[in-house]
Amino acid sequence: MYNLLVVDDEQKIREVIREYAEWSGHSVTEAGDGMTALGLVKLNDYDLVVMDVMMPKLDGFSACKEIKKVKDVPVIMLSARGEEYDKLFGFELGIDDYVVKPFSPKELMARISAVLARRNPKTQPAATELAFGGLTIDILGRAVYVDGDKVDLTPKEYDLLFYLVENKNIAISRDKLLSELWGYDFYGDDRIIDTHVKNLRNNLGKYRNYIVTLRRVGYKFDAQSKV
């Protein structure tokens, strides 16, 4: 487990990063501006800082510069500005990575893991496969195997399965699945979820019951369900 400091003036962004980071086993401290972040770094030890660029009181670049004077902590910069100049300026300040908004939380977690692995070479790499009986999910390869045989899933079916698995035993509403996998600007209805679940179950064969229907709620992944 690592201690992360997440700095962004948008609370929603901080909450999303916290949710994914805590699910990955990390602890998270939040700050809404660069000045607060600098004060926290002076008082505490963090393994990595995720920092927005455009913030009140002290912008991310200035905060990063001051933080580097205090402690050699890795920094991943977040910014809606994707110009090459901004990226180069950040790397000149000593940041470890630069992520352009809007970003995928899963990609950000992967980048965090990569930076931590570089900084801590003795750290054991995270598991790249998840196995539930005869159902195996190859995370890096985005592949699924049923009793050793690869099954062909559409990209959205894989996203659906992996999201349910990473939130295993947790009831997920259809609205939550729509917003996470199709985006907030999706104008269809939640029946598309039911259709994809049906197709996914067919592909999982005898492990279809791992995806449990919760009446009037949605779905959950439960590997203890009868095969």
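Axes here are lines fitted to C-alpha atoms, for helices over the stretch in contact, and angles run from 0 to 180 degrees between N-to-C directions. This is a predicted model, in which local features need pLDDT of at least 70 and side-chain atom pairs count only at pLDDT 80 or more, while totals for chains, interfaces and linings use all residues. Residues are numbered from 1 along each chain as its sequence is written, and side-chain values use heavy atoms, with hydrogens and water left out.

Let us begin with the sheet. Three strands form an open sheet in the order β10-β12-β11, with antiparallel pairing; strands are DSSP runs of E, at least two residues long, helices are runs of H or I, at least four, and both are numbered from the N terminus. Strands pair if DSSP finds at least two bridges between them. At the edges are β10 and β11 (211-214), each pairing on one side only. Between β10 and β12 there are 2 bridges, and S173 stands opposite G218 in β12. Helix α8 packs on this sheet, touching β11 and β12, and its direction makes about 150° with that of β11. Helix α6, for its part, lies across β10, β11 and β12, running at about 70° to β12.

Now follow α7 (residues 174-182). Its buried residues (under 20% relative accessible area, with a 1.4 Å probe and protein chains only) are R174, L177, L178, S179, L181 and W182. They pack against α6 (155-166), β10 (172-173), α8 (191-204) and β12 (218-221).

What holds the most contacts inside the largest nonpolar core? A nonpolar core is a set of buried Ala, Val, Leu, Ile, Met, Phe, Trp, Tyr and Cys residues joined through side-chain atoms within 4.5 Å. The largest has 47 residues, and those with the most contacts inside it are I17, L108, I112, V144, L161, L177 and F221. Its largest share, 7 residues, comes from α6. Beyond its neighbours within four places in sequence, L161 is in contact (heavy atoms within 4.5 Å) with I137, V144, L153, L200, L204 and F221. Apart from this core lies another, of 23 residues, among them A37, Y46, M51 and Y98.

In β7, I137 is the bridge partner of L130. Strands β6 (residues 129-132) and β7 (residues 135-138) pair in the antiparallel sense over 4 bridges. The hairpin has 2 residues between its strands, and G133 in the turn has a positive phi of about 65°.

Terms used. Buried < 20%, exposed > 50% of the residue type's maximum accessible area, 1.4 Å probe, protein only.
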